[in-house]
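Please keep the sequence and the model in view.

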Amino acid sequence: MKVLGVSGSPIKNSNTDRALKLALEATGLETEFIKLKDYTVAPCQACLGCVKTNRCVIDDDGIELAEKVKSADALIVAGFTPYSSLDSRTKAFLERLYALRHRHGFMMGKPGGAIITCAVPDGNEMLPPAFDMGKNAIMFYMMEEGMEFAGAARVDGNVPCIKCGQDKECKISGLDMLYGKDATPESVGVNIFEEQPQAVEDVKALGQKIGQMLRDIDS
Ligand SMILES: Cc1cc2nc3c(=O)[nH]c(=O)nc-3n(C[C@H](O)[C@H](O)[C@H](O)COP(=O)(O)O)c2cc1C
């Protein structure tokens, strides 16, 4: 049995990527890691050209990725949250899986999970609910395709302003927005996945749960 992990994070070896790799490892099964930045996937154009063939008419890497998803037994999708919702690479990838739906429901019954990396600090009710927005986008894809949603894990990521070098001069710094006007890159610090015990535990638990769900299906 094989678990496919798909990361929408464009940053090399990002928190998102490393969290996803840990979840895949925790399944205890054969896995494959995909980084969407290495592929070209246009969004669905809602033409319904895939209805009779279960194959998208757009001639890009979305075809190959949909085949990989179709042949996998479970799917873990990891995204991040620019402007407080799911990143566009991950969203376009999910939309293109619409081709696997018609008549057969190729994703029905498959376990699925989500990992969301976001910069909005956990529990801050004054800021947009970035984690929920990202999680819901993946969860609702999975639910609407009849998959078994195993859950979502949250990873604390980094607001890009922490490394842009313009924080002192910037009129609209994300550091001020998220952490208050006295915040500096030094006072905020860089969030590293491996230094977040709760996130590491949640990500591992998600992978283990998906592994167990597959073993239960197999037995
Ligand atoms: C254009 C852009 C806008 C962003 N806006 C938000 C946002 O509104 N909320 C949020 O939680 N994170 C936001 N982020 C931060 C990303 O979620 C962050 O890069 C992500 O947590 C990945 O973190 P990492 O670099 O530690 O893997 C934004 C990032 C970019 C590039």
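Ile 217 has its place in helix 7, where helices (H or I, at least four residues) and strands (E, at least two) are DSSP runs numbered from the N terminus. The model is predicted, so that local features need pLDDT of at least 70 and side-chain atom pairs count only at pLDDT 80 or more, whereas totals for chains, interfaces and linings use all residues. Residues are numbered from 1 along each chain as its sequence is written, and side-chain values use heavy atoms, with hydrogens and water left out.

With a relative accessibility of 54%, Ile 217 counts as exposed; the classes are buried under 20% relative accessible area, exposed over 50% and partly exposed in between, with a 1.4 Å probe and protein chains only. Not counting residues up to four places away in sequence, Ile 217 touches Gly 109 and Pro 111, contact meaning heavy atoms within 4.5 Å. Val 120 is 97 residues from Ile 217 in sequence, and their C-alpha atoms are 37 Å apart in space.

Helix 7 (residues 197–218) itself lies across strand 1, strand 3, strand 4 and strand 5, and runs at about 165 degrees to strand 5. Such angles run from 0 to 180 degrees between N-to-C directions, the axes being lines fitted to C-alpha atoms, for helices over the stretch in contact.

These strands belong to an open sheet of five strands in the order 2-1-3-4-5, with parallel pairing; two strands pair if DSSP finds at least two bridges between them. Strand 2 (30–35) and strand 5 (148–156) are at the edges with a single partner strand each, so one side of each has no neighbour in the sheet. From one strand to the next, the twist averages 15 degrees. Helix 4 (residues 130–144) also packs on the sheet, where it touches strand 3, strand 4 and strand 5, and its direction makes about 160 degrees with that of strand 4.

Within the sheet, strand 1 (residues 2–7) and strand 3 (residues 74–80) run parallel and are joined by five bridges. Val 3 has Ala 74 in strand 3 as its bridge partner. Strand 1 also contains Ser 7, which is buried at a relative accessible area of 0%. The contacts of Ser 7, leaving aside residues up to four places away in sequence, include Thr 16, Asp 17, Phe 33 and Ala 78.

On a 1 Å grid over the protein atoms alone, a cavity is a set of points where a 1.4 Å probe fits but cannot get out, while a pocket is an open set with protein on both sides within 12 Å along at least five of seven lines; lining residues have an atom within 4 Å of a point. The largest pocket holds about 940 Å³ of space. Its lining comprises 34 residues, of which Phe 80, Ala 119, Asn 158, Val 159 and Pro 160 are the closest to the centre. Helix 1 (15–26), strand 4 (111–118) and helix 5 (174–179) each contribute at least two residues to this lining.

There are two cavities of 30 Å³ or more. The largest cavity has about 110 Å³ of space. Among its 15 lining residues, Cys 44, Gln 45, Cys 47, Cys 50 and Cys 56 are the closest to its centre. The second largest cavity has about 60 Å³, and Helix 2 (residues 62–71) gives the most to its lining, with four residues.

Key:
Points joined across faces, edges and corners; volume = space filled by probe spheres on them.
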